Amino acid sequence: MLNARNTRIVFLVLLLLTLLLDWKYGVPLCIYLLLLLGYLLLLFYGSYFIQSDFFLRSLWKGSKNRKAIAITFDDGPVKDFTPRLLDLLKCENIPAAFFLIGKSIEGNEALVKRMVDEGHVIGNHSYSHTYWFSLNKSETMFSDMKKCDDEIFRVTGKRPKFFRPPYGVINPMVKNAIEKGSYACIGWSIRTYDTNAKSAEQLLQKSLKNLSNGDIVLFHDWGQFTIGILSAFIKEAQAHGFEIIRVDELLNTKAYY
Ligand SMILES: [Zn+2]
């Protein structure tokens, strides 16, 4: 299995073999550089693809035995978008998951309360959600994550168990912080790239393409076309026989402590 530990072992064995060959026959420097490049590429792959389970096993897909999917939204609450999203979900009678940015909660308490009251589930998406979040020390990350928990608790009285790392990046520091907080790391199997979508039609096609049992779909509250296509996405998924359920039900695990 391709993970950080196995990759490290294979890299060290290859390095040792190269050193032996170098000692006996001489090995050009480019071979060492190629070896290092391969190792760095694998680390990059493991950090940026949450489904790789390279550094940490994430929950990114439900059972294949139930024709069901879950919809998740990152980066809320957002004043101009989240209320319309909630209206639409209410109208379609669909539950979803919201991975919240802690610093955005203050001033938007009513929206967060509404999420819970209307049957949605809430997860932690860090307090600061800075671009360089994953480069912090794990202690700094852990404090940031706890601060987001505190904000969610202040408003809802619930302590989230679900954490979704900002930008989906996982490295040894993020892994340590997640394990220290005993969070369940929630990934996705369908990344819609809704924040970069060129058109509503393109986003809808991308979101529905390859939809399969157990999929966790990643949208963002603030995606330019997200609200516009959501109703069509729900109807198309349902027309193909998919139930849309909450991510905690899909993964058969508790969302709160
Ligand atoms: Zn995010």
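Visitor: What is Val 247 in contact with, leaving aside its neighbours within four places in sequence?
Guide: Ala 70, Thr 72, Ala 97, Val 121, Ile 186 and Ile 216. Contact means C-beta atoms, placed from the backbone, within 7 Å. This is a predicted model: local features need pLDDT of at least 70, side-chain atom pairs count only at pLDDT 80 or more, and totals for chains, interfaces and linings use all residues. Residues are numbered from 1 along each chain as its sequence is written.

Visitor: Which residues touch the most other members of the largest nonpolar core?
Guide: Val 247 again, with Phe 98, Leu 100 and Val 217, in a core of 60 residues. H5 gives the most to this core, 5 residues. A nonpolar core is a set of buried Ala, Val, Leu, Ile, Met, Phe, Trp, Tyr and Cys residues joined through C-beta atoms within 7 Å. Buried means 20 or more other C-beta atoms within 10 Å of a residue's own, exposed means 12 or fewer, and partly exposed is in between.

Visitor: Which residues of H5 are buried?
Guide: Met 141, Asp 144, Met 145, Cys 148, Asp 149, Glu 151, Ile 152 and Val 155. They sit on the same side of H5, because their arc around the axis (directions from the axis to the C-beta atoms) is only 160 degrees. Helices are DSSP runs of H or I, at least four residues, and strands are E runs of at least two, numbered from the N terminus.

Visitor: And which exposed residues are on the face turned away?
Guide: Glu 139 and Arg 154.

Visitor: What covers the buried residues of H5?
Guide: Strand E2 (97-100) and helix H4 (109-117) are among the elements that do.

Note on methods:
Two residues are in contact if their C-beta atoms, placed from the backbone, lie within 7 Å.
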